[in-house]
Amino acid sequence: VLQVDTDARHGDADGNGIVDAMDADALLDYLLTKSAKLANPQAADLNADGILNAADLSMLIRFISESA
């Protein structure tokens with residue numbers, strides 16, 4: 001059973017309550033090294049397919065750039 005944090009802010013991979021470039025950096029670091037820990041992996045899964053990958057990173061970067 002996977003527990004999902006319903007208070008998680010969509011895109012807030014680093015768990016600081018703000019969706020910004022630091023979230024993209026955190027997700028990129030995770031994807032490249034797999035050794036980094038994400039504070040909020042459920043929030044980083046932007047396409048909700050259960051897998052963290054480049055598609056999520058692309059969506060996050062697009063969301064951040066459109067919000068700026």
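Predicted model: local features only at pLDDT ≥ 70, side-chain atom pairs only at ≥ 80, totals over all residues.
The residues D23, A24, A26, L27 and L31 of α1 are buried, and since they cover an arc of only 160° around the axis, they are placed on the same side of α1. Among the elements that cover these buried residues are α2 (41–44) and α3 (54–67).

The two ends of α1 can be described in turn. At its start, a side-chain oxygen of D20 comes to within 3.1 Å of the backbone nitrogen of M22, while just after the helix K34 adopts a positive phi of about 55°.

Ahead of α1 (21–33) lies a segment that contains D12. This residue is buried but forms no salt bridge, and the nearest side chain of opposite charge, that of R9, is 6.3 Å away. The side chain of D12 does, however, reach the backbone nitrogen of N16 at 3.3 Å. Leaving aside residues up to four places away in sequence, D12 touches G17, I18, V19, D23, N40 and A43; D23, one of these, is also among the buried residues of α1.

| Side chain | Backbone nitrogen | Distance |
|---|---|---|
| D12 | N16 | 3.3 Å |
| D20 (oxygen) | M22 | within 3.1 Å |

Technical notes. Residues numbered from 1 in each chain as written. Heavy atoms only, no water. Helix = DSSP H or I, 4+ residues; strand = E, 2+ residues; numbered from the N terminus. Buried < 20%, exposed > 50% of the residue type's maximum accessible area, 1.4 Å probe, protein only. Lys, Arg positive; Asp, Glu negative; His and termini not counted. Salt bridge = Lys/Arg side-chain N within 4 Å of Asp/Glu carboxyl O. Polar contact = N/O pair within 3.5 Å; in protein donor to acceptor, adjacent residues only side chain to side chain. Contact = heavy atoms within 4.5 Å. Arc of directions from axis to C-beta.
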